[in-house]
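Have the viewer open and follow along.

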Amino acid sequence: MSAPDVNGTFEPAWGPAPPGELLDLLRVAAVVVDTKGRIALWSPGAEELFGYTAEEALGQYAGELVLTPEGRARAIELFKGVRTGRSWAGVFPIRHKDGSVRQVEFRTMRLRDQSGNILALGLAADRSTLHDVETRLAVSDYLVEQAPVGMAFFNTDLRCMRANQAMDGIVGMPPQAYVGLPMGTVPGLDVGEISAAMRRVLVTGEPLVDVQGSGSTPADPGNEHVWSVSYYRLQEPSGRVLGVADWVVDITDRHRAAVEAAQARERLALVADASARVGTALDLRRTAEELAEVTVPRLGDMAAVDVLDSVLVGEISPHSTADGPAAFRALARKATGDTLEAVRDADPVGALTQYGPERLITQSVRQARPILVPRVTDAWLPRIAGNEQAARVLRGAGLHSCMALPLIARGNVLGALSLFRTGTPRPFDEQDLLLAGELAARAAVGIDNARLYARERETALTLQRSLLPAPPPELHGMEIASRYRPAASAAEVGGDWFDVLPLKGGRVGLVIGDVMGSGVRAAAIMGQLRTTIRAFATLDLPPAPLLGHLDALAETLGDSFATCTYAVFDPRTRECEFATAGHLPPAIVHSDGRAELLALPPAAPLGVGGVPFTSVTSVLPEGALIALYTDGLVERRHESIDTGLEALLSLLEGPARPLEAMCDSILDTLHHSTEDDVALLLARTTTAGPPDAAATDRVTQ
């Protein structure tokens, strides 16, 4: 028996062999018969097989002791043959001490003692036990040879003792050539790792199951294979270690299928992630950044998103194959590791760059098709990088594969997505190109939506600002300050307005309103209402009748409604007459600094129709302040509007301050949401001076 030391080496262990050897397993009996047929030697195995002790058997005639009457004659003939030097083997029935008859396998041969006497040696074993062992050995042998997986057995020196035919298809060597070779003879394998695993199994006895390895062997040179290998220690029933065995299964196809399935899941996850993340904000640059963030590092190690400069200025047209350079504006740059800053320095976001017709990005946009460069050489760099500095950065980062994909939405080419691989060793392939194309198509829609919303917002803002009043002329008896802040989204621009109207007799008309709805349509309706109010004001209509006429007009504007407050202040009498159509109440700050909301009779918004309007008159001494505002200033989600109104009053209260500073303070404190536009109009009464004749009859049109 041998045992491993701490280093995994094996030394012989001297002494008697423990039970469990093959002969013990077979329980072989040894019997020696002299020339007269008497039993001269009787082994312990014979005691177990025949049932007689040595004392009972020695000196007895063997034929009479263990043979049946029917078999004695046959035994005498066989014994004569053995004496002449012939050996015999076969099955012979014997009689056990208990009287039963058993089939026993015999091997007989002639012996001579030192005196020259002839003896007969018989080796016997129970036929059923022998048959069982033979069957097990045969099954083991067939199992090894016919197994569809590679099997090899190594001794404690890790030299191959046996290998089956299946190993030929794995290592490219016939089993006979493999036997006797030390571990490490087969090229293409990590010998050190395999040897370490085998020695660990030899020392610990712990099997290693399904250890995956890869390589290329002479069986299929040049092609990478993946194997699942299991190691286990071989030892006899007595515990003596014989070596280590390994089972090898080629799982290359399964591994590739698993990798492809994982890649398919990752592609689906990436598309789903892009659908959820790209285009979340109607902002051109943010959408480009989202696209770059989704693709790096899951698809590429670097990403660049560029749009045609003509798209940013509103000149967009379907793609063409025209020659010449193309002007691009960099919207987003993304890279893994420490290269991001270098990439941004070499090709900064926001920079305008002219790319010649030979450039990859220009060709992709001009031809409206993706371009894949699986292997980037130095000759390709001038066609890929934006400038020499960018080329140095890409070369230093290890660029080896890239692709450029046009951003196409609604038939128009907006720009390009460029992807690069540096640290990832695998080059881009057609599957990557398809995935990137899907991402580019989705992102292009988001970029185009952002472009359209920006254009609509600019249109609405331009329209609304053109309709808002210019700074009013110098007014007698009143100081004015105002602010307007549009919403961030184009969808929310357009509804709020204010106006200041110099009226006859030195009076001043103050208007605040909010069209329900948004966008260009709301701005257009607001313009019509503002113009109508100015026209009615020339008729010197009081606030309530004026709102009544305005309501009749609003009914003809479709399904649009608007709220409005109209006030007329007379500096000579200090009276201010208010009327409202569903708008928030004005805030009044008295000369002592106390602020309150003016209570006005409730009324429906303009456009409802048939609702009477009433007015309230309040006397405002010198230094009193009127604050008119729209709901975007005081409304908050998940809060009562009373909370916003109380906050407004607290900002208005106190000693008199410059109106411009008050406007800024109120907006900075209260207007945190970008979802709605806001109009604010502050008017403070002053000492009334004598109006000139021209001002008396002037009304701003």
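A quick bit of bookkeeping before the tour: Ala, Val, Leu, Ile, Met, Phe, Trp, Tyr, Cys and Pro count as nonpolar here, Asp, Glu, Lys and Arg as charged, and the others, Gly among them, as polar. Also keep in mind that what you're looking at is a predicted model.

Rolling a probe the size of a water molecule over the atoms shows where empty space is left. Searching the whole structure this way turns up two cavities of 30 Å³ or more. The largest cavity holds about 290 Å³. To find it, centre your view on A304, D347, I384, G386 and F420, which are the closest to its centre among the 24 residues of the lining. Several elements each give two or more residues to that lining: the strands β13 (302-308), β14 (326-335), β17 (401-409) and β18 (412-421), plus the helices α13 (340-346), α14 (360-367), α15 (381-384) and α16 (388-397). The largest share comes from β13, with four residues. With the classes above in hand, the lining of the largest cavity sorts into 16 nonpolar, two polar and six charged residues.

Next, an open space. The second largest pocket has a volume of about 650 Å³. Its lining counts 27 residues, and V33, A62, L67, A75 and F79 are the closest to the centre. Which elements supply at least two residues each of this lining? They are β3 (29-33), β4 (39-42), α4 (62-66), α5 (69-83), β5 (88-95), β6 (101-112) and β7 (118-126). Of these, α5 brings the largest share, six residues. By class, the pocket lining has 19 nonpolar, five polar and three charged residues.

Now for the helix pairs. Two packed helices are described by the angle between their axes and the distance between the axes. Take helix α10 (residues 252-277) and helix α11 (residues 284-295): their axes are 10 Å apart and the packing angle is about 160°. Angles over 145 degrees count as roughly antiparallel, so that is the label for α10 and α11. Their crossing is right-handed. On the α10 side, the contact is made by L270, A274 and R277, and on the α11 side by E290, E293 and V294. That contact of α10 with α11 has three nonpolar, no polar and three charged residues.

Follow the chain into the loop between α11 and β13 and you'll come to P297. The peptide bond that joins V296 and P297 is cis, with omega at about 5°.

The other pair is helix α20 (residues 641-652) with helix α21 (residues 659-670), whose axes come within 10 Å and cross at roughly 150°. The same cut-off applies, so α20 and α21 are also roughly antiparallel to each other. This crossing is right-handed. Here A647, L648, L651 and L652 of α20 meet M662, I666, T669 and L670 of α21. What is the class make-up of the contact of α20 with α21? It divides into seven nonpolar, one polar and no charged residues.

Conventions
Residues numbered from 1 in each chain as written. Predicted model: local features only at pLDDT ≥ 70, side-chain atom pairs only at ≥ 80, totals over all residues. Heavy atoms only, no water. Axes fitted to C-alpha atoms, helices over the stretch in contact; angles between N-to-C directions. Parallel < 35°, antiparallel > 145°, perpendicular 65-115°, else oblique. Left-handed = near helix turned anticlockwise from the far one by under 90°. Contact = heavy atoms within 4.5 Å. 1 Å grid on protein atoms, 1.4 Å probe; cavity = no way out; pocket = protein on both sides within 12 Å on 5 of 7 lines; lining within 4 Å. Points joined across faces, edges and corners; volume = space filled by probe spheres on them.
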